[in-house]
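Please look at the sequence and the model below before reading on. The report is meant for a reader who is new to this structure.

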Amino acid sequence: MKIGIVTDSTSDIPAYLVAEHNIQVVPTILILEGKEYADGIGITREEFYNRLPSLRTPPTTAAPSIGDFTTPYETLLTQGCDHIISIHAASQLTTIVNVARQAAKEFPDKVTCIDSGSLSLGLGFQVLAAAEESETDLKSALDAIASTRKRLQVSAALDTMEYLKRSGRVPGAVATLGGLLSIKPMIELIDGEVKPIGAVRTTKQADERILNFLLGLGDLERLAILHTNAEPRARQLLNELMNRARKSIPRDILFVNVTAVIGTHLGPNGLGFAAVRK
């Protein structure tokens with residue numbers, strides 16, 4: 001059985017892995033100063049984050065259209081796939097998976113749509129787990145997704161609450177962290193919910209807290225260091241992890257400047273990780 005894999009651009013999967021596994025990635029939409037961009041096209045992530053603090057009108061985001069999903073579904077089925085797994089960003093945070101489900105109705109019994117409950121490589125690692133089983137059978141691929149999700153940890157330290165608060169995607173428990181402008185909120189993403197895990201006052205403290213979270217996870221099967229245009233901080237985190245880790249860490253650690261569609265809601269200079277425990 002041959003299984004096709006579709007996801008959206010919030011998965012942050014590096015291009016070489018997308019190509020290696022023939023993953024179809026549907027771009028989400030970034031709306032910047034009245035102009036629409038397909039995610040990753042027309043503006044680089046670095047350029048976006050550099051412009052973000054000075055924008056007079058906050059950028060917004062939008063889900064792809066139904067047609068944006070029917071095209072890759074048709075492509076994969078034409079290429080000989082027997083079934084398609086279409087796995088997407090958390091439904092609590094975006095309508096992407098709901099649009100995919102509408103598109104899937106045009107291909108009865110051929111497309112299984114899955115809400116990953118996550119974002120960035122929290123989603124991406126579930127996609128890759130399915131892709132690695134794509135030449136076996138549907139059950140194995142779905143089991144791989146479920147197993148990865150159970151062992152997933154996605155955490156971040158934001159430089160400010162400003163962007164998350166204005167996005168309208170902040171539960172009350174997280175919003176209370178933003179009472180003081182000087183704090184660096186620590187959050188995690190669990191089953192589609194953004195939850196507070198603390199707050200610190202300095203970037204150095206935030207970096208140390210993120211490192212300690214990572215060191216406390218034990219042996220890791222997959223790991224991505226995530227940042228929003230904070231590469232020096234992210235490199236330092238990776239170096240410290242390599243020096244201080246006493247347990248198994250993956251050989252292929254991904255290093256990702258998070259896509260602008262997610263960064264719109266997080267703001268620049270954030271640092272985090274997505275990890276899958278062994």
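Predicted model: local features only at pLDDT ≥ 70, side-chain atom pairs only at ≥ 80, totals over all residues.

Residues are numbered from 1 along each chain as its sequence is written, and side-chain values use heavy atoms, with hydrogens and water left out.

Helices (H or I, at least four residues) and strands (E, at least two) are DSSP runs, numbered from the N terminus. Helix 6 covers residues 138-150, and its buried residues (under 20% relative accessible area, with exposed meaning over 50% and partly exposed in between, for a 1.4 Å probe and protein chains only) are Leu138, Ala141, Ala144, Ile145 and Thr148. Seen down the axis of helix 6, these fall within an arc of 130 degrees, taken from the directions from the axis to the C-beta atoms, so they line one face of the helix. The face turned away from that buried side carries the exposed residues Lys139 and Lys150.

A sheet is described next. Counting two strands as paired if DSSP finds at least two bridges between them, an open sheet of six strands has the order 10-9-8-13-11-12, with mixed pairing.

Strand 11 (residues 220-227) runs parallel to strand 12 and is joined to it by four bridges, and the bridge partner of Ala224 in strand 12 is Leu254.
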